[in-house]
Amino acid sequence: MPEKLKLQYPCAWVYKIIGADQNDMQAAVEEIIRDRTCKISVSRQSGNAKYISLNIELTVESESHRQSIYEAMKSN
């Protein structure tokens, strides 16, 4: 079992998401994050531009907050 992260909250956190349509991905992130401030930036793009990965940087308030955002992004 992996060792649990020992983070001091609130803290900056970066999520990476991968998908085919950047606009759809950004809309999904904005729906999940809602009124929180975040920075969305392109991380990588596949050679044929079929897939793109985005970094989503924001401040998380607690372990449960960090995990709930992760679960929301995973389910979209």
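Author: Two strands pair if DSSP finds at least two bridges between them; strands (E, at least two residues) and helices (H or I, at least four) are DSSP runs numbered from the N terminus. This model is predicted, so local features need pLDDT of at least 70, side-chain atom pairs 80 or more, and totals for chains, interfaces and linings use all residues. Residues count from 1 along each chain, and side-chain values use heavy atoms, without hydrogens or water.

Reader: Which residue in strand 3 is the bridge partner of Ile17?

Author: Start with strand 1, residues 11-19, which runs antiparallel to strand 3 and is joined to it by 9 bridges. Follow Ile17 across to strand 3 and you land on its partner, Leu54.

Reader: Which residue in the turn of the hairpin has a positive phi?

Author: The hairpin is made by strand 2 and strand 3, with 6 residues between them. In that turn, a phi of about 60° belongs to Ala49.

Reader: How many residues of strand 3 are buried?

Author: Buried means under 20% relative accessible area, exposed over 50%, and partly exposed in between (1.4 Å probe, protein chains only). Strand 3 covers residues 52-60, and it's largely enclosed by the rest of the structure because the buried count out of 9 is 7.

Reader: Which exposed residues sit on the face of helix 2 turned away from its buried side?

Author: First find the buried residues of helix 2: His65, Arg66, Ile69 and Met73. They share one side of helix 2 because their arc around the axis (directions from axis to C-beta atoms) is only 100°. The face turned away carries Ser64, Lys74 and Ser75.
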